Amino acid sequence: MSAEDWAFIVVGVVGSIAAIRLVTSQNVVHAALYLVVTLAMVGATYLIAAAEFLAWVQVLIYVGAIVVLLLFSLMLTRAPIGRETLDNQQRFVAALVGAGVLAGLVFLIQDQFSGVKVNLNATRTADVGTSLFRDFVLPFEVVSVLLLAALVGAIVIARKEETPGGPAESRVPLLGRKEGARREALP
């Protein structure tokens, strides 16, 4: 085995362990940090495959921007943290669905790569940029608008309803209102 094979094995093991910890973590913030490790290992896999541009895009966009946005929205919305707030007692159903998806993927790709040598062609970064901004500009912009809408939604959810001239006790979060709580229109 070559050094690239060993590096791929190490990156794959670390990424797999981080991904398993991501979905089994009891704390949402810890899960987001495991997501950082998982996405960084995907970037390392791109480096091993000699796709440096994709590796740095992975690190800058996913590890940098997306995870920061996720942590920012968690902190902004004051989301409950911990297993007792997130657990809905449907682990068996989730494990069954996960096993079914895994079986389907194994069935679909079991004979797809047998005996086929993959030839990697060198591609210039300028070609990737031209393709991105010529052919894929619409999906790129749609994703940016979607992220902006998610951020605005997080701010709206986190904002407390304030009644003019009312006492501070009458302030009720927009989500999680109890029946019978004061419902007054915002100014």
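Helices (H or I, at least four residues) and strands (E, at least two) are taken here as DSSP runs, numbered from the N terminus. The model is a predicted one, in which local features need pLDDT of at least 70 and side-chain atom pairs count only at pLDDT 80 or more, while totals for chains, interfaces and linings use all residues. Residues are numbered from 1 along each chain as its sequence is written, and side-chain values use heavy atoms, with hydrogens and water left out.

The protein chain holds seven helices and two strands, which follow one another along the sequence in the pattern α-α-α-α-α-α-α-β-β. Of its 187 residues, 13% are buried, where buried means under 20% relative accessible area, exposed over 50%, and partly exposed in between (1.4 Å probe, protein chains only). With contact meaning heavy atoms within 4.5 Å, 53% of the contacts between residues at least 6 apart in sequence join residues at least 24 apart.

Helix H2 runs through residues 28–48. The expected span of a helix is 1.5 Å times one less than its number of residues, so the 21 residues of H2 should span 30 Å, in agreement with the 30 Å between its end C-alpha atoms. Buried residues of H2 include Val28, Val29, Ala31 and Ala32, and also Thr38, Leu39 and Met41. Just after H2 comes Ala50, with a positive phi of about 65 degrees, a positive value in a residue other than glycine. Ala50 lies in the loop between H2 and helix H3 (52–77), and because its relative accessible area is 51%, Ala50 counts as exposed.

Which residues form a nonpolar patch on the surface? Phe92, Val93, Leu96, Val97, Val101, Leu105, Phe107, Leu108, Ile109 and Phe113 do, with about 1100 Å² of accessible area together. Patches are made of residues with over 30% relative accessible area and no salt bridge, like charges being joined within 9 Å and nonpolar side chains (Val, Leu, Ile, Met, Phe, Trp, Tyr) within 5 Å; accessible areas come from the Shrake-Rupley method with a 1.4 Å probe, and for residues only the protein chains shown count as cover. Ile109 of this patch is found in helix H5 (residues 91–109).

A search of the whole structure finds two salt bridges, each defined as a side-chain nitrogen of Lys or Arg within 4 Å of a carboxyl oxygen of Asp or Glu. One joins Asp127 and Arg124 at 3.9 Å, N to O; Asp127 is partly exposed at 41% relative accessibility, and Arg124 is exposed at 54%. Arg134 pairs with Asp135, with the closest N and O atoms 3.1 Å apart; Arg134 is exposed at 57% relative accessibility, and Asp135 is partly exposed at 44%.
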